[in-house]
Amino acid sequence: MAACGPPSRPDTARAQPGVRENPHVGVPPKPPQDTRAPAASQGGREAAFVSGFACFVGRPNVGKSTLMNALVGSKVAITSSRPQTTRRAIRGIVHRSDAQLVIVDTPGLHRPRTLLGERLDSLVRSTLTEVDVIGFCVPAPDRIGPGDKYLAAELGAVKGTPVVAIVTKTDLAPPERVAAQLAAVADLGDWADIVPVSATSGFQLDVLADVLVGHLPPGRPLYPDGELTDAPEQVLVAELIREAALEGVRDELPHSIAVVVEEMGPRPGRGELTDVHALMYVERPSQKSIVIGARGARLKEVGTRAREQIEGLLSTRVYLDLRVKVAKDWQRDPKQLRRLGFYD
């Protein structure tokens, strides 16, 4: 599950550290062919267009996926109140007249307890070396803890890449708490910028976008105009099913759920209907019973919720065939991890 980086580029200059008072706000194997015109000219002179990659890192459940969705302006990564929801490096693309910003949403860094956890942490660390700017996310309502301090030290050791500290979820904290968190975050490291934001209310998203774009190198667009993510539709559909399954399950279940779309396509003779055949994997028979529920009620509820989201993504009616299978201890089994798409 290692990410591939963009072509090497000269280091970008760091902005002067400081807190932004008006808070706005990665990496394909090979960028698609550029389909857009060069940067527009201003007063007879060609304005510099910039493009590049940013990644959001932080402890689990600090709002990284929600923040990326808000900046992209569309849901490209699933969100949940459950920690460790993100398992893949999902890329969201922000299009501007002066820039194209590709945001890589990474899993939360944590102390791994399984082989899956080790691979997720490895994915995050490899991504840090392949982007132009890093966003370190710390939620405003939470006290700075050992995990934040550990991450700050890790990011301080990343050379040549500017790190922007982002205080998230400011809508969930009173102004005095936000101010205290800004001061606490400033003490954690030498940041290129510090920006408080709220993905929910939109507070300072434009400023955050400006700050991140300010660290990008000159370059042409990496993706066609209007493309919001490079994730295959089958991956997005599997993620939407997993998101629906995470709602209301017991604490021990989220980490044990994986979803694979085995087959997807228009039904022959009915182009307005898409058939989706998916398997949800759990690790033990007892978990299978929980996911299915009494007389299949819970699985039906998950399917209904997921189907509505998938129809919004595909803009067609959807028939969803969702089944549950047991893959014993798949989080610790290299063969099963590869089969589920979690590679070395």
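1. In what follows, a residue is called buried under 20% relative accessible area, exposed over 50%, and partly exposed in between, with a 1.4 Å probe and protein chains only. By that criterion E243, with a relative accessible area of 9%, is buried.

2. The structure is a predicted model, in which local features need pLDDT of at least 70 and side-chain atom pairs count only at pLDDT 80 or more, while totals for chains, interfaces and linings use all residues. Residues are numbered from 1 along each chain as its sequence is written, and side-chain values use heavy atoms, with hydrogens and water left out.

3. The sheet is open and has six strands in the order β4-β5-β3-β6-β7-β8, with mixed pairing; strands (E, at least two residues) and helices (H or I, at least four) are DSSP runs numbered from the N terminus, and two strands pair if DSSP finds at least two bridges between them. The edges are held by β4 (90-95) and β8 (193-196), each of which has a single partner strand, so one side of each is left without a neighbour in the sheet. On average, neighbouring strands of this sheet are turned by 25° against each other, direction ignored.

4. The pairing of β4 with strand β5 (residues 99-105) is antiparallel and runs over six bridges, and within it V94 stands opposite L101 in β5. Helix α3 (residues 146-156) packs on the sheet, where it touches β3 (50-57), β6 (133-139) and β7 (163-168), and its direction makes about 170° with that of β6. Contact here means heavy atoms within 4.5 Å, and axes are lines fitted to C-alpha atoms, for helices over the stretch in contact, with angles from 0 to 180 degrees between N-to-C directions.

5. The structure holds eleven salt bridges, each defined as a side-chain nitrogen of Lys or Arg within 4 Å of a carboxyl oxygen of Asp or Glu. One of them joins K75 and E243 at 2.6 Å, N to O, and it links distant parts of the chain, 168 residues apart, with K75 in the loop between α1 (64-72) and β4 and E243 in helix α6 (residues 233-246). K75 is partly exposed at 38% relative accessibility, whereas E243 is buried at 9%.

6. Also in helix α6, R242 and E239 are three residues apart and thus separated by about one helical turn; they form a salt bridge whose closest N and O atoms are 3.2 Å apart. R242 is buried at 3% relative accessibility, and E239 is buried at 10%.

7. For D98 and R96, which also form a salt bridge, the closest N and O atoms are 3.0 Å apart. D98 is partly exposed at 32%, as is R96 at 21%. Finally, a network of salt bridges links R59, D142 and D148.
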